[in-house]
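User: I would like to go through some of the labels used for this model and see what each one rests on.

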Amino acid sequence: MNRSLSIRSGKGGAPGSPAPARKKGFSFASLRGSIQPELSRRLYQVIKSANSLVSAHEAAGREREGIARQLSEWGEQTGDDAVSDISDKVGVVLSELGAHEEAYAHGLDDARARLKTIRNTEKSVQPSRDAKAKIADDIQRLKLREPQSPRLVILEQELVRAEAENLVAEAQLTNITRKKLKESYDAEFAAVIERAEKQIILAKHGRRLLDLLDDSAVTPGDAMRAYENGNAARQVLNDAEDDLKSYAENNANGVDPIMGRDDDVADIGYAVSENYTHTQTRGSGGGAGGGGGAAETPVMTGGTGQSVENVPYVSPTPTSSNDDRT
């Protein structure tokens, strides 16, 4: 996850202040929409709208990182050790989600750049179309005014050359359009999949963190229960980092997270470690990481008083082609 186990460790900057948004001043580029050739005008609008989408996701990522820091700082001042630690760890997860949102924005920008190649090719083809149409119009007008004009022969020769040039340009446009359209949206969908898979990983570990917070009612006058899940909370973040690394390694090895196209690794699954086994010991006084046999971690599971017995943690990182996905 490339960040510490606490979001409070980097207090060098202004607390809770997200990175400044990129500013766009006035330029002649803002006038390009009105002077685009007819052929490239629609795609120009698509690219312009995609740029707004990229900026929105960048801003969303920065806002989430800012919220994560504010949540951590709020928890620190509550005076409740459990709330302080869990809010800090949840802030780490939220901050990581924000970082992946910005990475997703970069993926969208990469896809958008490929569309620019189509737009530029359309702009280069437009003069060829216009030249061919102008010569054809000149021939028609001249035939109406001077059917026997010797200039007709010259214009018809120019039309043949213009049609040949346009034929080459149109073929090039077709090839580039199909190639770059496919590349662009393949890159965008790949970015969508990566973002979704990483969000699932982080969200599942975030819910594991919340399970460590005892939210059962406290009777007035009772002493506050000691918080004993600090080690377990740190382990959750370590697990999240390991799963993100495993996901990155699978991607680097060419494993399709949805289709499982790599036959050599499609059937390899993650073993369930007994270190991830949670047992509910509410009110028994057992500490995190205590016990001499199997590694058991006390986990709070909400205010209902229900217990969870021997529920294994299974890595959310996909490794099998038989995974059901929605």
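**Salt bridges and burial**

Analyst: Asp85 and Lys89 form a salt bridge, with 2.6 Å between the closest N and O atoms. This is a predicted model, in which local features need pLDDT of at least 70 and side-chain atom pairs count only at pLDDT 80 or more, while totals for chains, interfaces and linings use all residues. Residues are numbered from 1 along each chain as its sequence is written, and side-chain values use heavy atoms, with hydrogens and water left out.

User: Why is the contact between Asp85 and Lys89 called a salt bridge?

Analyst: The term requires a side-chain nitrogen of Lys or Arg within 4 Å of a carboxyl oxygen of Asp or Glu. The pair has N and O atoms 2.6 Å apart, so the contact meets the definition.

User: Is Lys89 buried or exposed?

Analyst: Buried means under 20% relative accessible area, exposed over 50%, and partly exposed in between (1.4 Å probe, protein chains only). Lys89 has 5%, so Lys89 is buried. Asp85 is buried too, at 16%.

User: What makes Glu183 and Arg114 a salt bridge?

Analyst: Their side chains meet at 3.7 Å, N to O. Glu183 belongs to helix 3 and Arg114 to helix 2, so the pair ties together parts 69 residues apart in sequence. Helices here are DSSP runs (H or I, at least four residues), numbered from the N terminus.

User: How is Arg114 classed by accessibility?

Analyst: Arg114 has a relative accessible area of 25% and is therefore partly exposed. Glu183 is also partly exposed, at 25%.

Terms used. Helices (H or I, at least four residues) and strands (E, at least two) are DSSP runs, numbered from the N terminus.
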